[in-house]
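Have a look at the fold first.

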Amino acid sequence: MENKALDNILTRCSVRVFRADVVSREDLTKILMAGMAAPSAVNIQPWAFVVVTKRDTLDELCARLPYAKMLDKATAAIVVCGVPDKDQRYSRDYWVMDCCAATENILLAVHALGLGAVWTAVYPEQDRVESVRAILNIPKNIVPLNVIPIGVPKNKGHVTDKFKQENIHWETW
């Protein structure tokens with residue numbers, strides 16, 4: 001493909017196996033900038049991010065989150081959190097969608113930098129929400145949406161063609 005942005009989107013895949021190489025603070029900052037460039041309702045940006053690079057914290061998250069076992073090899077993680085009370089109206093209704101847009105930008109930025117990542121859900125599972133809150137000292141009014149393990153991929157990921165013509169309706173259903 002000749003378009004770098006489309007190529008990045010179409011070749012991104014979930015990475016669950018990492019090498020021991022450390023993800024640099026510079027790369028993590030670029031990734032966070034991409035996350036914050038996401039669209040949000042009325043530009044409220046009802047998100048906050050917790051960056052985790054300490055091995056003991058990554059291991060504790062790994063132990064407490066049933067679908068985030070790849071954290072045992074990841075050298076970083078970003079926890080995308082919603083701030084439902086950031087304003088009086090929009091953040092309460094749209095924080096999940098806004099944080100999902102930020103998450104996708106993060107995943108695309110990770111891939112563009114030659115790193116790997118995978119989206120692991122926290123919200124709406126209350127036990128996971130409470131575990132992440134406790135481990136990271138997240139206030140009660142902030143909701144951890146997901147944990148994104150990040151690292152240098154151990155292997156080249158498998159890209160799946162997800163395009164399905166039967167999911168498209170032109171003009172009407």
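Is Tyr90 buried, partly exposed or exposed? Tyr90 comes out as partly exposed, its relative accessible area being 26%; buried means under 20%, exposed over 50%, and partly exposed in between, using a 1.4 Å probe and protein chains only. Tyr94 is partly exposed too, at 36%.

A word on the ground rules. This is a predicted model, where local features need pLDDT of at least 70, side-chain atom pairs count only at pLDDT 80 or more, and totals for chains, interfaces and linings use all residues. Residues are numbered from 1 along each chain as its sequence is written, and side-chain values use heavy atoms, leaving out hydrogens and water.

Back to the rings. Those of Phe, Tyr and Trp (its six-membered ring) pair if their centres lie within 6.5 Å; planes under 30 degrees apart count as stacked, over 60 as edge-to-face and the rest as tilted. That gives three aromatic pairs. For Tyr90 and Tyr94 the centres are 6.4 Å apart and the planes sit at 25 degrees, so this pair is stacked. Trp47 and Phe49 also have ring centres 6.4 Å apart, but with planes at 45 degrees, so they are tilted. Both Trp47 and Phe49 are buried.

Tyr90 and Tyr94 lie four residues apart in helix α4, about one turn. Helices here are DSSP runs (H or I, at least four residues), numbered from the N terminus. Helix α4 (residues 90–112) packs against helix α1 (residues 4–11) at about 105 degrees.

Definitions and conventions: Axes are lines fitted to C-alpha atoms, for helices over the stretch in contact, and angles run from 0 to 180 degrees between N-to-C directions. Helices (H or I, at least four residues) and strands (E, at least two) are DSSP runs, numbered from the N terminus.
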